[in-house]
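Subject: Structure handover

Hello,

Here is the structure I promised to pass on. Please open it alongside this message and follow the residue names as you read.

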Amino acid sequence: MRTNQCENDIKKIIHLQDIVNQIPDAFNDASKIVKSHIPVVNTPSISSTQFIKSSCTNTAYPALCFSTLSTYANKIQTSKRLLANTALAVAHNTTQSTSSTMINVLLKSKPSGRRDLAALKDCVEVLRDTEEMLRNSMEEMGRVVGSSGPDFRFKMSNVQTWLSGALTDEETCVEGFEEGATKNSGAGGVGGDVSGEIVKVSQLTSNALGLVNSFARSTMR
């Protein structure tokens, strides 16, 4: 249920960004004015799916990149900007979901030791910061449309800075659990499970940064 909710939230984010950012171009592209609701017609085109697959080869985790973004091929088409926006939305929603999971663990479970408990508490705070930085990145990407020159570079620099900060926070979070696992080897507990979730968040954020960098490079040429 949570996965379906996340996917619906991501689609809503992409749809709203598309409405706001694409209004000036909508009347020049018939596909953006009328969209059939017949499943066969709405099947992602080979070109959009191939575009995502090709773009993902330039990320640190290409398989994860393609599996999480190909679902939105109809929205992304062959737009580097929409691809980066979607990657940000996926990372943001996964961070929210992981943060909720960690809070539930703190409320309902008994971590295997003090280090696990401390790591969980620290990570909840860290993920709140990460969530904010990802949200800031998404909002700034929305303001990029129509900008150029120094203004474009400034906005993209903001996005890249926030994403780099989010990655650093996530890596710190993972390291906290790894430290606990080393000290309490064989103790079991929830640390390893939660750590795996944070690793995925970190990988999604890394992929988003890679796609943002790709979009920035292609636009500044």
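Below are the notes on confidence, disulfides, cavities and one glutamine.

**Confidence**

Please keep in mind that this is a predicted model. The mean pLDDT of the protein chain is 79. Of the residues, 67% score at least 70. Confidence is highest in helix α4 (residues 62-69), with a mean of 97. It is lowest in helix α2 (residues 30-33), where the mean is 40. The pLDDT stays below 50 over residues 22-41. That stretch has 13 contacts in the model beyond near neighbours in sequence.

**Disulfides**

How many disulfides does a search of the whole structure find? The search gives two. With the bonded cysteines numbered in sequence order, they pair 1-2 and 3-4.

Take Cys56 and Cys65 to begin with. These two form a disulfide with an S to S distance of 2.0 Å. Is this disulfide left-handed or right-handed? The torsion about the S-S bond of Cys56 and Cys65 is about -65 degrees, so the disulfide is left-handed. Are its cysteines buried or exposed? The cut-off for buried is under 20% relative accessible area. Cys56 has 0% relative accessibility, so Cys56 counts as buried. Cys65 is at 1%, so Cys65 is buried too.

Now the other pair. Cys123 is joined to Cys173, with the sulfur atoms 1.6 Å apart. This pair links distant parts of the chain, 50 residues apart. Cys123 sits in helix α7 (residues 114-144). Cys173 sits in helix α8 (residues 149-183). Both Cys123 and Cys173 are buried.

**Cavities**

The whole structure was also searched for cavities of 30 Å³ or more, and two turned up.

The largest cavity has a volume of about 50 Å³. Which residues line the largest cavity? They are Cys65, Thr68, Leu69, Ala87, Val90, Leu204, Asn207 and Ala208. Cys65 is also a partner in the disulfide with Cys56. Helices α4, α6 (80-108) and α9 (191-220) each give two or more residues to this lining. By class, the lining of the largest cavity has six nonpolar residues, two polar residues and no charged residues.

The second largest cavity has a volume of about 40 Å³. Its lining is made up of Ser55, Asn58, Lys80, Gly210, Leu211 and Ser214. Which element gives the largest share of that lining? Helix α9 does, with three residues. By class, the lining of the second largest cavity has four polar residues, one nonpolar residue and one charged residue.

**Gln203**

One more residue to look at. Gln203 lies in helix α9. Is Gln203 buried or partly exposed? Its relative accessibility is 22%, so Gln203 counts as partly exposed. What does Gln203 contact, leaving aside its neighbours within four places in sequence? Gln203 is in contact with Tyr61 and Leu64. Pro62 is 141 residues from Gln203 along the chain. The C-alpha atoms of Gln203 and Pro62 are separated by 9.9 Å.

Best wishes

Methods. Residues numbered from 1 in each chain as written. Predicted model: local features only at pLDDT ≥ 70, side-chain atom pairs only at ≥ 80, totals over all residues. Heavy atoms only, no water. Disulfide = S-S within 2.5 Å. Buried < 20%, exposed > 50% of the residue type's maximum accessible area, 1.4 Å probe, protein only. Helix = DSSP H or I, 4+ residues; strand = E, 2+ residues; numbered from the N terminus. pLDDT = per-residue confidence, 0-100. Contact = heavy atoms within 4.5 Å. 1 Å grid on protein atoms, 1.4 Å probe; cavity = no way out; pocket = protein on both sides within 12 Å on 5 of 7 lines; lining within 4 Å. Points joined across faces, edges and corners; volume = space filled by probe spheres on them. Nonpolar A, V, L, I, M, F, W, Y, C, P; charged D, E, K, R; others polar.
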